[in-house]
Amino acid sequence: MRYYHSLSALVLAAATVAPLAPYKAAYADSASAVAGKMQAMPDGAAVYKHVCQSCHMADGKGAVGAGARFPALAGNAKLKTASYPAYVVLNGYGGMPWFAGLLSDKQVVDVVGYIRTHFGNHYTDTLKPDEVKEMRPSLTVEDQ
Ligand code: HEC
(Lines give C-alpha, C1' and ligand atoms only; values in the text may rest on other atoms or scores of the structure.)
Protein backbone atom coordinates (compact mmCIF):
# COMPACT_ATOMS: atom_id res chain seq x y z
CA MET A 1 0.00 0.00 0.00
CA ARG A 2 2.85 2.36 0.90
CA TYR A 3 4.44 1.57 -2.41
CA TYR A 4 1.17 2.36 -4.13
CA HIS A 5 0.93 5.76 -2.45
CA SER A 6 4.43 6.81 -3.32
CA LEU A 7 3.84 5.63 -6.87
CA SER A 8 0.73 7.77 -7.25
CA ALA A 9 2.61 10.74 -5.80
CA LEU A 10 5.23 10.18 -8.46
CA VAL A 11 2.64 9.99 -11.22
CA LEU A 12 1.00 13.16 -9.91
CA ALA A 13 4.34 14.95 -9.82
CA ALA A 14 5.06 13.85 -13.37
CA ALA A 15 1.66 15.08 -14.52
CA THR A 16 2.25 18.46 -12.89
CA VAL A 17 5.68 18.92 -14.40
CA ALA A 18 4.80 17.60 -17.86
CA PRO A 19 3.18 20.77 -19.28
CA LEU A 20 6.29 22.80 -18.43
CA ALA A 21 8.73 20.44 -20.13
CA PRO A 22 9.81 21.52 -23.62
CA TYR A 23 8.32 18.55 -25.46
CA LYS A 24 8.71 18.62 -29.21
CA ALA A 25 5.08 17.66 -29.66
CA ALA A 26 2.70 17.95 -26.74
CA TYR A 27 -0.96 17.56 -27.58
CA ALA A 28 -3.07 18.83 -24.74
CA ASP A 29 -5.91 16.42 -25.36
CA SER A 30 -3.95 13.25 -25.97
CA ALA A 31 -2.89 10.76 -23.35
CA SER A 32 0.74 11.03 -24.46
CA ALA A 33 0.94 14.62 -23.27
CA VAL A 34 0.92 13.31 -19.74
CA ALA A 35 2.45 9.89 -20.27
CA GLY A 36 5.71 11.05 -21.87
CA LYS A 37 7.85 7.94 -21.91
CA MET A 38 5.88 4.75 -22.21
CA GLN A 39 6.73 1.20 -21.41
CA ALA A 40 7.40 -0.95 -24.44
CA MET A 41 4.30 -2.31 -26.13
CA PRO A 42 5.82 -4.78 -28.61
CA ASP A 43 2.61 -6.49 -29.73
CA GLY A 44 -1.16 -6.12 -29.91
CA ALA A 45 -1.73 -7.92 -26.63
CA ALA A 46 0.52 -5.43 -24.82
CA VAL A 47 -1.16 -2.41 -26.41
CA TYR A 48 -4.57 -3.79 -25.50
CA LYS A 49 -3.52 -4.46 -21.93
CA HIS A 50 -1.95 -1.06 -21.34
CA VAL A 51 -4.21 1.21 -23.37
CA CYS A 52 -7.62 -0.37 -24.03
CA GLN A 53 -8.32 -2.84 -21.26
CA SER A 54 -9.16 -0.29 -18.57
CA CYS A 55 -12.30 0.66 -20.48
CA HIS A 56 -13.10 -2.35 -22.66
CA MET A 57 -12.14 -4.89 -19.94
CA ALA A 58 -9.75 -7.85 -20.08
CA ASP A 59 -12.38 -10.06 -21.68
CA GLY A 60 -13.37 -7.40 -24.24
CA LYS A 61 -16.94 -7.42 -23.01
CA GLY A 62 -16.98 -3.73 -22.13
CA ALA A 63 -18.78 -2.28 -19.14
CA VAL A 64 -21.64 -0.06 -18.11
CA GLY A 65 -21.49 2.15 -15.05
CA ALA A 66 -20.87 5.61 -13.61
CA GLY A 67 -22.79 7.13 -16.49
CA ALA A 68 -20.48 5.56 -19.06
CA ARG A 69 -20.96 2.81 -21.57
CA PHE A 70 -17.87 1.05 -22.86
CA PRO A 71 -18.99 -1.10 -25.78
CA ALA A 72 -18.03 -4.76 -26.06
CA LEU A 73 -15.37 -5.64 -28.60
CA ALA A 74 -16.26 -9.30 -28.05
CA GLY A 75 -18.34 -10.56 -30.95
CA ASN A 76 -18.65 -7.01 -32.33
CA ALA A 77 -19.70 -7.17 -35.99
CA LYS A 78 -18.41 -3.64 -36.58
CA LEU A 79 -14.86 -5.03 -36.37
CA LYS A 80 -15.39 -6.82 -39.67
CA THR A 81 -13.80 -3.92 -41.52
CA ALA A 82 -10.27 -3.39 -40.19
CA SER A 83 -10.25 0.30 -41.02
CA TYR A 84 -13.17 0.99 -38.65
CA PRO A 85 -11.40 0.16 -35.36
CA ALA A 86 -8.19 1.75 -36.68
CA TYR A 87 -10.06 4.97 -37.39
CA VAL A 88 -11.69 4.94 -33.94
CA VAL A 89 -8.33 4.35 -32.21
CA LEU A 90 -6.65 7.17 -34.13
CA ASN A 91 -9.43 9.73 -34.01
CA GLY A 92 -11.45 8.86 -30.92
CA TYR A 93 -15.19 8.39 -30.97
CA GLY A 94 -17.82 9.82 -28.63
CA GLY A 95 -16.63 9.09 -25.11
CA MET A 96 -13.44 7.39 -26.30
CA PRO A 97 -10.25 9.45 -26.39
CA TRP A 98 -8.03 9.38 -29.46
CA PHE A 99 -4.64 7.71 -29.43
CA ALA A 100 -2.97 9.07 -32.57
CA GLY A 101 -0.37 10.85 -30.46
CA LEU A 102 0.37 7.78 -28.39
CA LEU A 103 0.56 4.84 -30.77
CA SER A 104 2.80 4.23 -33.78
CA ASP A 105 1.34 2.96 -37.06
CA LYS A 106 2.60 -0.52 -36.21
CA GLN A 107 1.04 -0.43 -32.75
CA VAL A 108 -2.33 0.50 -34.28
CA VAL A 109 -1.97 -2.39 -36.76
CA ASP A 110 -1.07 -4.69 -33.85
CA VAL A 111 -3.92 -3.74 -31.54
CA VAL A 112 -6.49 -3.76 -34.34
CA GLY A 113 -5.24 -7.23 -35.33
CA TYR A 114 -5.47 -8.30 -31.71
CA ILE A 115 -9.07 -7.24 -31.10
CA ARG A 116 -10.16 -8.65 -34.48
CA THR A 117 -8.74 -12.11 -33.68
CA HIS A 118 -9.65 -12.36 -29.98
CA PHE A 119 -12.82 -12.15 -27.91
CA GLY A 120 -14.65 -14.46 -30.33
CA ASN A 121 -13.67 -12.40 -33.40
CA HIS A 122 -12.06 -14.25 -36.32
CA TYR A 123 -11.14 -11.60 -38.88
CA THR A 124 -7.69 -12.57 -40.10
CA ASP A 125 -7.10 -9.97 -42.84
CA THR A 126 -4.64 -7.33 -41.66
CA LEU A 127 -4.02 -3.64 -42.18
CA LYS A 128 -0.66 -2.29 -43.33
CA PRO A 129 1.15 0.45 -41.40
CA ASP A 130 0.92 2.69 -44.50
CA GLU A 131 -2.88 2.39 -44.47
CA VAL A 132 -2.89 3.49 -40.83
CA LYS A 133 -0.69 6.46 -41.68
CA GLU A 134 -3.28 7.67 -44.18
CA MET A 135 -6.03 7.58 -41.56
CA ARG A 136 -4.19 9.71 -39.05
CA PRO A 137 -5.76 13.04 -38.16
CA SER A 138 -3.52 15.98 -39.01
CA LEU A 139 -1.99 16.96 -35.70
CA THR A 140 -0.71 20.41 -34.97
CA VAL A 141 1.98 21.24 -32.47
CA GLU A 142 0.30 23.49 -29.96
CA ASP A 143 3.29 24.61 -27.95
CA GLN A 144 5.24 26.49 -30.58
C1 HEC B 1 -11.09 5.86 -21.65
C2 HEC B 1 -11.84 4.69 -22.07
C3 HEC B 1 -11.46 4.02 -23.35
C4 HEC B 1 -10.24 3.55 -23.75
C5 HEC B 1 -8.92 3.64 -23.01
C6 HEC B 1 -10.44 2.90 -25.03
N7 HEC B 1 -11.75 3.00 -25.40
FE8 HEC B 1 -12.57 2.25 -27.09
N9 HEC B 1 -14.36 3.10 -26.61
C10 HEC B 1 -14.63 3.77 -25.43
C11 HEC B 1 -16.00 4.28 -25.47
C12 HEC B 1 -16.70 5.06 -24.36
C13 HEC B 1 -16.53 3.90 -26.73
C14 HEC B 1 -17.94 4.19 -27.25
C15 HEC B 1 -17.97 5.58 -27.83
C16 HEC B 1 -19.38 5.97 -28.22
O17 HEC B 1 -20.16 5.10 -28.66
O18 HEC B 1 -19.69 7.15 -28.04
C19 HEC B 1 -15.47 3.15 -27.41
C20 HEC B 1 -15.59 2.60 -28.68
C21 HEC B 1 -14.65 1.80 -29.28
C22 HEC B 1 -14.83 1.12 -30.55
C23 HEC B 1 -16.10 1.19 -31.41
C24 HEC B 1 -17.05 0.09 -30.98
C25 HEC B 1 -18.35 0.12 -31.73
O26 HEC B 1 -19.15 -0.81 -31.49
O27 HEC B 1 -18.59 1.02 -32.53
C28 HEC B 1 -13.70 0.42 -30.80
C29 HEC B 1 -13.41 -0.46 -32.01
C30 HEC B 1 -12.78 0.68 -29.70
N31 HEC B 1 -13.40 1.51 -28.79
C32 HEC B 1 -11.52 0.14 -29.59
C33 HEC B 1 -10.59 0.54 -28.63
C34 HEC B 1 -9.20 0.15 -28.64
C35 HEC B 1 -8.57 -0.82 -29.63
C36 HEC B 1 -8.62 0.79 -27.59
C37 HEC B 1 -7.16 0.80 -27.22
C38 HEC B 1 -6.23 1.27 -28.22
C39 HEC B 1 -9.64 1.55 -26.91
N40 HEC B 1 -10.82 1.38 -27.57
C41 HEC B 1 -9.44 2.31 -25.76
C42 HEC B 1 -13.76 3.95 -24.38
C43 HEC B 1 -12.41 3.67 -24.39
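1. Tyr-114 is buried, because 22 other C-beta atoms lie within 10 Å; a residue counts as buried if 20 or more other C-beta atoms lie within 10 Å of its own, as exposed if 12 or fewer do, and as partly exposed in between, with C-beta atoms placed from the backbone. This residue lies in helix H5, where helices (H or I, at least four residues) and strands (E, at least two) are DSSP runs, numbered from the N terminus.

2. The structure is a predicted model, in which local features need pLDDT of at least 70 and side-chain atom pairs count only at pLDDT 80 or more, while totals for chains, interfaces and linings use all residues. Residues are numbered from 1 along each chain as its sequence is written.

3. Leaving aside residues up to four places away in sequence, Tyr-114 touches Gly-44, Ala-45 and Tyr-48, a contact being two C-beta atoms, placed from the backbone, within 7 Å. The C-alpha atoms of Tyr-114 and Ala-46 are separated by 9.6 Å, although the two residues are 68 apart along the chain.

4. Helix H5 has 13 residues and reaches 18 Å from its first C-alpha to its last, close to the 18 Å expected at 1.5 Å a residue; the expected span is 1.5 Å times one less than the number of residues. The helix is mostly covered, with ten of its 13 residues buried, among them Val-108, Asp-110, Gly-113 and Arg-116. What covers the buried residues of H5 includes H3, H4 and helix H6 (129–135). Just after H5, Phe-119 takes a positive phi of about 60°.

5. The largest nonpolar core has 21 residues, and those with the most contacts inside it include Tyr-48, Val-89, Phe-99 and Ile-115; such a core is a set of buried Ala, Val, Leu, Ile, Met, Phe, Trp, Tyr and Cys residues joined through C-beta atoms within 7 Å. Helices H3 (44–56), H4 (83–91) and H5 (105–117) each supply at least two residues of this core, and H5 gives the most, with six.

6. Of the 22 residues around the ligand, Cys-52, Cys-55, Gly-94, Gly-95 and Met-96 come nearest, where a residue is near a molecule if its C-beta atom, placed from the backbone, lies within 6 Å of it. The elements that give two or more residues to this shell are H3, H4 and H5, and H3 gives the most, with six residues. By class, the shell has 16 nonpolar, five polar and one charged residues; Ala, Val, Leu, Ile, Met, Phe, Trp, Tyr, Cys and Pro count as nonpolar, Asp, Glu, Lys and Arg as charged, and the others, Gly among them, as polar.
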